[in-house]
Amino acid sequence: MTTTTPAPVRTPRPSRQVGRAQARKARKAAARLTPQALARELTEHILDAAAAKAAAAAQATTLAKAQLAEAEVQAWLKDMDARLELIFAHPEQNLGEIEEQLAVSVKEPLRLLAQRAAQVKANAAPCQCPDCHGELRQQRDLSRTICSRFGPLTLWRRYGWCPRCGEWHFPADYALGLGRKAPASPYLQEISALLVSKMPAEQAVLVAERLGLDMSRCGLHQEAHRQGLKAQEWRSGFVGQLDTWEQIQQLASAAAEGPPTQPFVLVIEIDAWDIRERDDWGKTEELRQQGKKPERWHWVYMATVFRLDHRGQTAGQRAVITQRGYAATRLGLEALSAQLYREALARGLGQAQLVLVIADGAIWIWNLAQDRFPQARQRLDLFHAEEHLWAVAHDLYGHGTPEAQAWVTPLLQQVRDDQTVAVISSLTELKPRLLEAQQKKVQTQIEYFQDNAPRMKYKEVLQAREACKQGKATEEQKQLANHPVGSGAIESACRQYQCRFKRTGQFWTTVGDEALMCVETLWRNGRWAQLYPHARSSAALN
Ligand SMILES: [Zn+2]
């Protein structure tokens, strides 16, 4: 920070109250004037304002270095001293006050510096069309106020007309990463996206305020939505890399670059949950009269993909996956399928020794798995299988009864021993002795086990775990013991998304939920810096 060269002096803008008082005074004075004198007065006023504006523009657009004037630095130091003195005079004020007051004090010098640095950047941007790179015509300067992490910044940008593209362009806005109409700086764009993807906008505004960010003028909610659309555009490009066979081959082998890795298992887990949307809003009565029920609940399809060797335990024995990919969409199965496949390629699908797909019994999941990952081993979530047997037990003998327990225990063991055929025959033998309604229910379960029998292979994993416990495991068993038999990873991911997207009384639009979910997924996938390059310097974001 240099402090010798004087920087341009800012004329402080009058507050709204002062401005109104001045205007009132001017109106009263004008009432006493003759029409000629009034016209002269007004002309002079307009000319003065124009001259002041031109001077400000000239000063800003020639700025070549961002720095604070000596007087500004001194004013800041003085302000800081005064704040600290006040804190020292109050024994009850703690480090919190020091943090708070110093942050407030430093904001104005940082704001001035940011404004000037941005102005220097804007001045350096060539006045060319960003699309065809032709020189812009009818060049002029226009000011604009940006919301930044340090407060509002006023910038002057040279703009012009591109005759070839038939459009006005502000090249400095592109250079600075500013949206065409939205006032948020790139940092505030990022923070809007981050906060609103984690919590409702009305809470986010308050949290931002506590972080020292005034986002009231940004329209946090709208800005987050804009960022969501930007994230979707990025995702389209990312998934669009699957358009040709050659591209897919390239991506599959690309992940293999770098040092050779140990053979690994790639786990894919898939599930869905439902979200409430505001479609046909206000048409409820109309639809009812037509005998239709407005559909408000829609499926959000989700998947997660990770390498088994990226799963470990914390010191507190809690299971953690250090690197994992997510796919989440409200736009249907095709969309999920493409997103998941792209994510799987990025996570080593092309190199995996074994791909394991785990999920509950939903038929669409197995169709998707067959379609996208035909070589993969499929496994039905063990706990879902057990739940289906418990459902029969409760139906026959009542909830939580010893009889239900006695009936289900040998069957649960058969499931764990890969004896699905025995489970099916037990259920089949049971059927003729039941009432018709019960027969139907049992038949449904028989079909469930018949459909999923090839996916119900748990024995070798469970045996391997037992061998590990007894310290008798072979090398192969040590590997096998790690294989998951349940789809807990995707179930917990679904719950985490629901914490944001399925709150009581919450309604979404398809455009809105998809955009924000895309932001959330980008963040979780560790690709945040793709959208916010300035965030690249931050620590791991996943
Ligand atoms: Zn052009």
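Select cysteine 129 to begin: at a relative accessible area of 0% it is buried (buried means under 20% relative accessible area, exposed over 50% and partly exposed in between, with a 1.4 Å probe and protein chains only). Cysteine 132, by contrast, counts as partly exposed at 22% relative accessibility. The model is a predicted one, in which local features need pLDDT of at least 70 and side-chain atom pairs count only at pLDDT 80 or more, while totals for chains, interfaces and linings use all residues. Residues are numbered from 1 along each chain as its sequence is written, and side-chain values use heavy atoms, with hydrogens and water left out.

Now show the zinc ion, whose protein donors are the SG atoms of Cys129, Cys132, Cys162 and Cys165, lying 2.1 to 2.4 Å from it (donors are N, O and S atoms within 2.8 Å of the metal, or 3.2 Å for Na, K and Ca; water is not among the atoms, so sites may look incomplete). The 4 donor atoms subtend angles of 97 to 116° around the zinc ion, which makes the arrangement tetrahedral (four donors count as such if all angles lie between 85 and 135 degrees). Along the sequence, the spacing of the donor residues is C-x2-C-x29-C-x2-C.

Next, select helix H6, residues 186-198 (helices are DSSP runs of H or I with at least four residues, strands are runs of E with at least two, and both are numbered from the N terminus). Of its 13 residues, 10 are buried, so H6 is largely enclosed by the rest of the structure. Among the buried residues of H6 are Leu188, Glu190 and Leu195, and the buried residues pack against elements including strand S1 (137-148), helix H8 (220-239) and helix H20 (510-524) (contact means heavy atoms within 4.5 Å).

Strands S4 (residues 265-276) and S5 (residues 297-307) run antiparallel and are joined by 11 bridges; look here for aspartate 274, which stands opposite tryptophan 299 in S5.

Finish at S8, which is joined to S5 by 5 bridges, the two running antiparallel, and where threonine 329 stands opposite tyrosine 301. Gly325, Ala327 and Thr329 point one way from S8, Tyr326 and Ala328 the other way, and all are buried.

Key
Pairing = 2+ DSSP bridges. Expected span 1.5 Å × (residues − 1). Tetrahedral: all angles 85-135°; square planar, octahedral: opposite > 155°, others 65-115°.
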